[in-house]
Amino acid sequence: MNICVFLSAADLADRYTGPARDFARLLGKGGHTLVWGGSDSGLMKVVADGVQEAGGRLVGVSVDFLSAKARPGVDDMVIAPNLAERKRLLLEKADAVVIMVGGTGTLDEATEILELKKHGRTEKPVVLLNTAGFYDGLREQFRRMEEEGFLPRPLAELVYFAEEPTAALAYLEESLGER
């Protein structure tokens with residue numbers, strides 16, 4: 001599987017990096033390919049290191065203004081001219097998407113894939129990895145959107161909330177295995 005992971009490039013506390021490293025090792029050991037923003041810093045580096053060390057492949061999609069932070073020595077690296085093209089390429093190269101902890105860029109990427117799913121433009125499975133309860137507030141907001149009629153599809157069809165890495169990967173493998 002080519003698994004796109006949206007996540008932060010910031011240096012974060014171990015409560016976030018530990019589970020991210022665990023997920024990365026699971027990806028690599030499973031023979032999967034990480035498709036990610038291509039950065040060699042922060043949480044993006046942690047995940048890329050874990051996948052690579054466990055034998056997985058790395059496919060990066062960076063963007064012009066961040067290309068100096070792009071990770072060297074990957075299986076494939078593309079430099080997009082802008083963020084919109086970066087998102088398009090990330091999703092094009094992926095069979096599934098995992099949303100990890102992150103800031104506004106991660107939230108932008110997450111809402112893009114969910115909007116595409118909402119309108120039936122993709123059926124790729126999407127997992128929101130809710131490490132240390134980071135996305136509890138967002139899950140509550142999504143539930144409110146569903147309850148008040150803002151989502152034309154059930155929330156469960158748009159995104160699966162996983163509390164830990166093993167559940168996230170199991171959901172993806174099950175979802176794609178049924179296709």
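Tyr 16 has a relative accessibility of 12% in this predicted model, and because buried means under 20% relative accessible area, Tyr 16 counts as buried. Phe 134, at 35% relative accessibility, counts as partly exposed.

The structure holds three aromatic pairs. One of them joins Tyr 16 and Phe 134, whose rings lie edge-to-face, 5.7 Å centre to centre, with 85° between the planes. This pair links distant parts of the chain. Tyr 16 belongs to helix α1 (residues 14-29), while Phe 134 sits in the loop between β6 (126-129) and α5 (136-147), 118 residues apart. Ring pairs also bring in Tyr 135, so that Tyr 16, Phe 134 and Tyr 135 are linked into a cluster.

Another pair is formed by Tyr 160 and Tyr 171, with ring centres 4.2 Å apart and planes at 5°. Planes under 30 degrees apart count as stacked, so this pair is stacked. Tyr 160 lies in strand β7 (residues 160-162) and Tyr 171 in helix α7 (residues 165-177). The pair therefore ties together parts that are 11 residues apart in sequence. Tyr 160 is partly exposed, with a relative accessible area of 30%; Tyr 171 is partly exposed too, at 23%.

The table sets out the two pairs described above.

| Pair | Centre distance | Plane angle | Geometry |
|---|---|---|---|
| Tyr 16 and Phe 134 | 5.7 Å between centres | 85° between planes | edge-to-face |
| Tyr 160 and Tyr 171 | 4.2 Å between centres | 5° between planes | stacked |

Definitions and conventions. Residues numbered from 1 in each chain as written. Predicted model: local features only at pLDDT ≥ 70, side-chain atom pairs only at ≥ 80, totals over all residues. Heavy atoms only, no water. Phe/Tyr/Trp six-rings, centres within 6.5 Å; stacked < 30°, edge-to-face > 60°. Helix = DSSP H or I, 4+ residues; strand = E, 2+ residues; numbered from the N terminus. Buried < 20%, exposed > 50% of the residue type's maximum accessible area, 1.4 Å probe, protein only.
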